[in-house]
2 protein chains.
Amino acid sequence: MEKLIVDTSSREYPVYIGEGLLHQSADLLAPVLEGKTKALVISDSNTAPLYAETVRTALEPLLPVHLHTLPAGEQSKSLEEYEQVMTACIHAGLDRHSVILALGGGMIGDLAGFAAATYMRGISFVQVPTTLLAQDSSVGGKTGINHPLGKNLIGAFHQPEAVLYDTDTLSSLPDKEWRSGFAEMIKHAFIKDSNLLSRLRTEVQSTEDMKKESLKQFLRQSMTVKADIVKEDERETGVRAFLNYGHTLGHAMEKASGYNNLTHGEAVAAGMIFAMKLSNYLQYSNWDIAYETAWFTALGYPVEAASAFEPAALVETMKNDKKARAGELTFVLASAPERPFLAKVKERDILHLLLEMKKGGS
Amino acid sequence: MEKLIVDTSSREYPVYIGEGLLHQSADLLAPVLEGKTKALVISDSNTAPLYAETVRTALEPLLPVHLHTLPAGEQSKSLEEYEQVMTACIHAGLDRHSVILALGGGMIGDLAGFAAATYMRGISFVQVPTTLLAQDSSVGGKTGINHPLGKNLIGAFHQPEAVLYDTDTLSSLPDKEWRSGFAEMIKHAFIKDSNLLSRLRTEVQSTEDMKKESLKQFLRQSMTVKADIVKEDERETGVRAFLNYGHTLGHAMEKASGYNNLTHGEAVAAGMIFAMKLSNYLQYSNWDIAYETAWFTALGYPVEAASAFEPAALVETMKNDKKARAGELTFVLASAPERPFLAKVKERDILHLLLEMKKGGS
C-alpha cells in the first residue's frame, strides 16, 4: 500500500492507494469514523452492486451504515439528484456528527462531496474512488454539481477526511474510462513532473500499457502533484489554476457533446493538444505537435474532436467558464513541461485555430 | 452611524448601522467593491420596489449592477428558488470576481448567502438587511435554504464581506415583523448581556416601544453579542450553540405551522418561555415564569402557541433538528440571565410539559 498526506489550510488527510483496501476499510478509516453516529454510502447504479456490500460489511461493526444509490452517468450530477441525496441524508437520520462515503467515480465524489459540504452546513466525508479519473478529483476538496447552463457551476470547497483508493476496483473499468483517467495523469506530468512524463512516454504506448504493474507508482506520483498544488493553493487563487490545463476547451467540448459521447479525459486530452497549438501560435513555445499528437493518438485520444463542434459556440461556452473573468478568455498554456502559465487570449485567435482544425488544416 | 467589526477565523468584516446608509452605499462598500466585475442584487417582491433602485443608483458608478427579484416569504427559501437564483447569476454573467448583495430580510440573506457560497464554489457577498430580524441573521455567516423535511437543512458557512444596515428601512415593517426581530434581541440579552436585558425590560413594554430612538443602541449591543459569539466559535462547535436559545421548539413550531402563521421571532419567543419552564421543571433554575410571560405577552408574543400543535409531532421534528445528535434531544437552557448551557433532555419530559400546556395547565 502506498500512502500520501494531503495538507491543506483547512484540513490534513491521508490518501491510501493499494489493492484490496475496501476489505481493510474499517482499519484504515477507524480514526475518521471514531465518534461518528452514522455513515451514508452514496454510490451509483454501476458501482453499488460491485462494492457497496463489501464496504457495508467492513464498516458495520463500527457504526450503522446506510446506502443511497443513484443512476450512473454525468447526468446525475444535477440539482434533482442532489435534492434526492439530501432527502436520503434526512431519511437515514444523519446528523452533524455523521459521515458520507462517496463510493464511485468523479460524478459520485463531486455530488456526494457537495452534499457533505452543504448538509446541515457541512459534515464529514470520505472519498472511495473506483475509477482512474477519480484519482484526480478525489483529492483537493473541489465538490459540485452541474447547472443546465454549465458544468460545475454550483459547488463548494470541502476537503474529505480520507481518501481510500482500492486499485482492485479499476479492473472492472472499460478502456474508455482508463483513457479518461489517464489523461489527468498525463496532465499532472506535463505541468509539474517531468520525471513522470518521461516514464509515461517510455512505458505507456497504448491503452493496455496503462494497466501495468507500475500503475500504482504512477498514481502515487500523479496524486502527489495534485496534493502539492492543493497544499499551495487550496482555493484556486493562484497555481491551482494550472490544474485546468486542457480544461477550458475540454469543458466546452464536453458541454457541446451533451456530456455523453466524449469522456472528461478525452476532452481534456484534446484540450491539452489544443493548448500546445495555441501556445505555439502565440509564440510562447515550440511544442512538437506531430510528436505529441502521435503519442496521444496511440493512447486512443480523439485529439481532433473539437472539429466536430461549432467554433463560435465553443468560444461562447468558454467565456462562461468559471475561470473566465468578465468574459475574458483565460487559458492555461505551457511553454514546456513543468512551465505552465496563465494567459489572456483573444477570441479571434481561438476562433482562427478552431476553424483551421475544422478545415483539417492544423 | 454605529460601526462594529466582526472578526472570524475566515474573515473580518464591518457592520454599519444607521439612517440613510443605502444612499451612502457606494462610499461604505467601496473597499469591498474594488476590483469586482459585477454586482447582482438579490431581493424579494416586497423589498425590491422600495429600495432596489436606490442601491442600483448608488452603486452603478462603481460597477454594473443587475437585479434578481423573487417572491417574498419563507416559501421562497427553497431549492427551486435557489436554482432560479443560480440561473440569474449565470445570465447576469457573474464570475468569481463578482459580488452578490442580499437586499431584504433573513430569507433573502440566507438564500442569497447560500447562492454566494456555492456559485462557482464561492463568491463575495454583502448583507443589506431591511428587517429587524435580519439584525441577527445578517451577522455570522450562516447561510442556507429549507428542505421540505426541515428548515435550514441545506446550507453553508459563508461570511459576508460587509453588512450595511440602514435603519430607515425598518419604518416600512408591520408590527408583526418588529416583534419577530425583537425576539432575537431579547434572546441575545438573555444569553450574554444582562445590561441590555435590564434596559429592554425597563424601556420596552409594548410593540410601539420597540421603535424608539434608543433602538440603534439596542441594535448595536445586540449585534455585538452575536459578533462576540461568532468570533469565539464560527462553526458552532461550542458556545455558538447558545444562540439557539428558544430555537429548538421554535423551529419545530414554525415547521408545524407551515412557516406561515407564526413568525420566526414569535416562535423563538414562545420557545424561550418553554426553555425556562423546562429548565425549572428539570430543577436547573427558578425562573419567574409569570413575570417573564407577562412581559412577553405585553410585547405581543404568543407564548402559548405550542399548545396549538400535536406534542408528539413537535418532538419528532425536534429529533430531526440539526442540533440533534443521533436522535437525542438537546436544548439550550439557562439557569439565569447570561448563564446558558446545553442539556440533553428526555423525550418524556418534553412531552409532559407540552401536554400540560395543551391542557392549559402550565
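Between chain B and chain A, 10 residue pairs are in polar contact, with both residues at pLDDT 80 or more. This is a predicted model, and the briefing below goes from the contact between the chains to a strand inside chain A and then to one glutamate. On the chain B side of the contact, α3(B) gives the most, with 8 residues.

**The contact between chains A and B**

- Chain A brings 39 residues to the contact, and chain B brings 39 residues as well.
- The size of an interface is often given as the accessible area lost when the parts come together.
- Here, about 3400 Å² is buried between chain B and chain A, and carbon and sulfur atoms give 58% of that area.
- On the side of chain B that touches chain A, the elements giving two or more residues are the helices α3 (79-91) and α4 (106-118) and the strands β7 (142-147) and β8 (150-157) of chain B.

- Strand β6(A) spans residues 124-129 and is mostly covered, with 6 of its 6 residues buried.
- Ser124(A), Val126(A) and Val128(A) point one way from the strand, while Phe125(A), Gln127(A) and Pro129(A) point the other way, and residues on both faces are buried.
- Strand β5(A), residues 99-104, runs parallel to β6(A) and is joined to it by 6 bridges.
- Within that pairing, Val99(A) has Ser124(A) as its bridge partner.
- To get from β5(A) to β6(A), the chain passes through helix α4(A), residues 106-118, in a right-handed β-α-β crossover.
- β6(A) also pairs in the parallel sense with strand β9(A), residues 162-166, over 2 bridges.
- In the pairing with β9(A), Val126(A) has Ala162(A) as its bridge partner.

**A closer look at Glu356(A)**

- Glu356(A) sits in helix α13(A), which covers residues 347-358.
- Glu356(A) counts as partly exposed because its relative accessibility is 26%.
- Between Glu356(A) and Leu153(A) there are 203 residues of sequence separation, and their C-alpha atoms lie 30 Å apart in space.

Technical notes. Residues numbered from 1 in each chain as written. Chains lettered and ligands numbered in written order. Predicted model: local features only at pLDDT ≥ 70, side-chain atom pairs only at ≥ 80, totals over all residues. Heavy atoms only, no water. Buried < 20%, exposed > 50% of the residue type's maximum accessible area, 1.4 Å probe, protein only. Helix = DSSP H or I, 4+ residues; strand = E, 2+ residues; numbered from the N terminus. Pairing = 2+ DSSP bridges. Right-handed = clockwise from strand over helix to strand, strands pointing away. Contact = heavy atoms within 4.5 Å. Buried area = accessible area lost by both parts, 1.4 Å probe. Polar contact = N/O pair within 3.5 Å; in protein donor to acceptor, adjacent residues only side chain to side chain.
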